[in-house]
Amino acid sequence: MVADISLYEQRAKIRDYKKGMYALYLLETGISLGLFEKIKTSGAGVSSGTLARELGLHGPYVDIWSLAAYHLEILDCDKDGRFTLAPH
C-alpha cells in the first residue's frame, strides 16, 4: 500500500536524491583528479588557485568544485579562502 505523501514531501525527497548524486560525482572527481590528496597534504589549507596550478587543472573549474565541496560540507574554508578537509 502506498502511503499518502504531500507534494512538498515528494519535492524534498527528489532534492535529497539530486544532492546525493551531485555529492557522489563531486567525490569521484576529487579522488580521480587528486584534489583530496593535495588538500589533505596541504597542512593549513590550500586555495583553489593553488590546487589548480599544482595539479595542472583549469582554475575556474577547480574554483567551482571547491565551492561545491564546501557547500556540501565535504571541505572547510577559512577566511583567507584556503580549503581543508572537513573534520569527518
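Mentor: Contact here means heavy atoms within 4.5 Å, and the helices (H or I, at least four residues) and strands (E, at least two) are DSSP runs, numbered from the N terminus. The model is predicted, so local features need pLDDT of at least 70 and side-chain atom pairs count only at pLDDT 80 or more, while totals for chains, interfaces and linings use all residues. Residues are numbered from 1 along each chain as its sequence is written, and side-chain values use heavy atoms, with hydrogens and water left out.

On those terms, Leu 26, Thr 29 and Gly 30 of H1 meet Trp 65, Ala 68 and Ala 69 of H4. Sorted by class, this contact holds four nonpolar residues, two polar ones and no charged ones, where Ala, Val, Leu, Ile, Met, Phe, Trp, Tyr, Cys and Pro count as nonpolar, Asp, Glu, Lys and Arg as charged, and the others, Gly among them, as polar. Two packed helices are described by the angle between their axes and the distance between the axes. For H1 (residues 7–32) and H4, the axes come within 11 Å and cross at roughly 130°, which makes H1 oblique to H4; angles under 35 degrees count as roughly parallel, over 145 as roughly antiparallel, 65 to 115 as roughly perpendicular and the rest as oblique. Axes are lines fitted to C-alpha atoms, for helices over the stretch in contact, and angles run from 0 to 180 degrees between N-to-C directions.

Leaving aside residues up to four places away in sequence, Thr 29 touches Leu 35 and Trp 65, and a polar atom of the Thr 29 side chain lies 2.9 Å from the backbone oxygen of Tyr 25.

Turning to the loop between H4 and strand S1 (75–77), we find Ile 74, which also counts as buried, at 16% relative accessibility. With residues up to four places away in sequence again not counted, the residues that Ile 74 touches include Leu 26, Leu 27, Phe 36 and Ala 69.

On H4 there is also a contact with H3 (residues 48–55): H3 and H4 (residues 59–71) pack at an angle of about 130°, with their axes 8 Å apart. That contact is made by Ser 48, Gly 49, Leu 51 and Ala 52 of H3 and by Gly 59, Val 62, Asp 63 and Ser 66 of H4, and its residues divide into three nonpolar, four polar and one charged.

Note on methods. A polar contact is a pair of N or O atoms within 3.5 Å; within protein, one must be able to donate a hydrogen and the other to accept it, and residues adjacent in sequence count only if both atoms are side-chain atoms. Buried means under 20% relative accessible area, exposed over 50%, partly exposed in between (1.4 Å probe, protein chains only).
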